[in-house]
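Here is a short briefing on one protein chain. Start with the structure, then read the points by topic.

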Amino acid sequence: MKTLIKIVRKKGFVLNPDDEELTDIINSVIINEGHCPTHIRDRFGHDQCPCSDYLQNNICHCKLYIHQN
C-alpha cells in the first residue's frame, strides 16, 4: 500500500530545508500510514499528515513545515 503525503503550502511556512531531517519525517509518516509521527490524536483523520494543528492552528509538531525567516 502506498502512502501519499499531501503537501499544503501556507504563507509563512516552508518545507524543512534539512534534507536528512525531511527524509526522516517523511519516512516516519509513511511508516505511520500517513499519520503525523509526533502528534497523534486519533485515527479518524485529525492527525493525517498534514495534521489539523498545522492546517488550523499553524503548528507543525514534527517539523515537516517550519516558519520561514
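Leu22, Ile25 and Val29 are buried in helix 1. They share one side of helix 1, because they cover an arc of only 65° around the axis; the arc is taken from the directions from the helix axis to the C-beta atoms. Buried means under 20% relative accessible area and exposed over 50%, with partly exposed in between (1.4 Å probe, protein chains only). This is a predicted model: local features need pLDDT of at least 70, side-chain atom pairs count only at pLDDT 80 or more, and totals for chains, interfaces and linings use all residues. Residues are numbered from 1 along each chain as its sequence is written, and side-chain values use heavy atoms, without hydrogens and water.

**Helix 1**
- Asp19, Glu20 and Ile31 are exposed on the other side of helix 1.
- At the start of helix 1, a side-chain oxygen of Asp18 comes to within 3.0 Å of the backbone nitrogen of Glu20.
- Glu33 follows helix 1 and has a positive phi, near 55°.

**His35**
- His35 lies in the loop between helix 1 (19–31) and helix 2 (52–57).
- His35 is buried, at 10% relative accessible area.

**Whole chain**
- The protein chain has two helices and two strands; these are DSSP runs (helices H or I, at least four residues; strands E, at least two), numbered from the N terminus.
- Their order from the N terminus is β-α-α-β.
- Of the 69 residues in the protein chain, 30% are buried.

Notes. A polar contact is a pair of N or O atoms within 3.5 Å; within protein, one must be able to donate a hydrogen and the other to accept it, and residues adjacent in sequence count only if both atoms are side-chain atoms.
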